[in-house]
Amino acid sequence: MKRRILIIGASGQIGTELTQQLRLVHGNDCVIATDLHQPPVKSQEEFFEILDATDVDAIKRCVLKHQVGTIYLLAAMLSATAESAPRKAWDLNMNSLLCVLDLAKDGLIDQIFWPSSIAVFGPTSPKKDTPQTCVMEPTTVYGISKLAGEFWCSYYQRKYGVDVRSIRYPGLISWKAQPGGGTTDYAVAIFHEALKTGTYNCFLSAQTALPMMHMTDAIRATLELMSSDLSSVNQFKAYNIAGMSFTPEQLAQKIKAKLPDFKIHYDPDFRQAIADSWPSSIDDSEAGKDWKWSARIDLDHLTQDMLDNLKDTLANS
Ligand code: NAD
Ligand code: AKB
């Protein structure tokens, strides 16, 4: 029998769409979605279980019960929420990763996907076209946990031959599920508010450029990396991937072109310092070279897609 796929943290922004896509590819009963909370999409309640990413014994029982071969570990605290509870964020982000790495080391599972982030970079990294390898001195607890996680992944790969793959996602933009407490969340909230109230109060300044990506591209990147031949994977830390780069003002202009009455105000808060410490754009040539990665969705396409789909979702809610 084909070994199953376990998603931990499946009810979040990425998990909601990753679960859907993996079920399309592998079949519903091959994908076990788990989280502390029920999935936001009703149709995903089948093959769903409550599972705590920090409960090592429960994860092991789940792996054995469902004959799991691959784990996608998505449970984490993101950049903004992590700053309000640094120790809790560190414990969740690190202990869950070490738990699944040990399962692979002990031969219980074959493959792991664990997402990293552009948050591994810091103010001393090159800001523009930030390369795969450069100075990395993150200043957030989230970034520190992601960078440490990358080192753990490459350690387990080198020392124990664990097949663990990772991507440094930029800010992800989606309409199917809400983001979970990051600094790039404004780029989703702006669409909701544009349609609901016509006004958005942005917590970042007008000129803050950040790397971003449509969720469809991010899910495709994830599945492409996971299905790549092991011999073409040369980065066992995490791959840079790039989609687009824009400022709140540039995004607001795109929305205004579709909704002329839309207004944006700027009221930066503590998240401004986090954004200022991150790259404004990313060089993803290593991913392009190793597994032929290239993004397909640009800012015009993203704006249209978000407005069209959210309009329908809000009308039906
Ligand atoms: P999210 O916050 O939307 O979802 C995380 C999920 O984990 C939530 O459903 C939450 O209930 C669950 N969770 C939290 N604690 C848990 C626990 N103890 N046990 C089980 N589940 C638990 O986050 P996301 O945006 O889907 O991100 C998933 C992963 O991708 C994270 O590692 C994040 O750092 C990374 N990432 C996300 C982005 C982005 O823009 N969304 C960018 C870079 C990296
Ligand atoms: C966040 O803003 O924390 C995330 C990320 C880029 O890792 N979206």
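Predicted model: local features only at pLDDT ≥ 70, side-chain atom pairs only at ≥ 80, totals over all residues.
Author: Residues are numbered from 1 along each chain as its sequence is written, chains are lettered from A and ligands numbered from 1 in the order in which they are written, and side-chain values use heavy atoms, with hydrogens and water left out.

Reader: What makes a residue one of those around ligand 1, and which come nearest?

Author: A residue is near a molecule if one of its heavy atoms lies within 4 Å of it; of the 26 residues around ligand 1, Gln-13, Asp-35, Ala-53, Tyr-142 and Lys-146 come nearest. Helix H1 (13-26), strand E6 (116-117), helix H5 (141-160) and strand E9 (171-173) each give this shell at least two residues, where helices (H or I, at least four residues) and strands (E, at least two) are DSSP runs numbered from the N terminus.

Reader: Why is the pair formed by ligand 1 and Ala-53 called a polar contact?

Author: A polar contact is a pair of N or O atoms within 3.5 Å, and a nitrogen atom of ligand 1 is 2.7 Å from a polar backbone atom of Ala-53, so the pair meets the definition. Oxygen atoms of ligand 1 also lie 3.1 Å from a polar backbone atom of Gly-12 and 2.9 Å from one of Leu-172. Taken alone, ligand 1 exposes 820 Å², of which the protein buries 90%, the areas coming from the Shrake-Rupley method with a 1.4 Å probe.

Reader: What makes the space taken by ligand 1 a pocket, and what is its volume?

Author: On a 1 Å grid over the protein atoms alone, a pocket is an open set of points with protein on both sides within 12 Å along at least five of seven lines, and its lining residues have an atom within 4 Å of a point. The space taken by ligand 1 is the largest pocket, with a volume of about 920 Å³, which is the space filled by probe spheres set on the points. Of the 42 lining residues, Leu-74, Ala-75, Ala-76, Met-77 and Leu-78 are the closest to its centre, and H1 gives the largest share of the lining, three residues.

Reader: How do you know that ligand 2 sits in the largest pocket?

Author: A molecule sits in a pocket if more than half of its atoms lie within 2 Å of the grid points, and ligand 2 sits in the largest pocket by that rule. Oxygen atoms of ligand 2 lie 2.5 Å from a side-chain N or O atom of Ser-79, 2.7 Å from a polar side-chain atom of Ser-117 and 2.7 Å from a side-chain N or O atom of Tyr-142. Taken alone, ligand 2 exposes 250 Å², and the protein buries 93% of that.

Methods
Polar contact = N/O pair within 3.5 Å; in protein donor to acceptor, adjacent residues only side chain to side chain. 1 Å grid on protein atoms, 1.4 Å probe; cavity = no way out; pocket = protein on both sides within 12 Å on 5 of 7 lines; lining within 4 Å.
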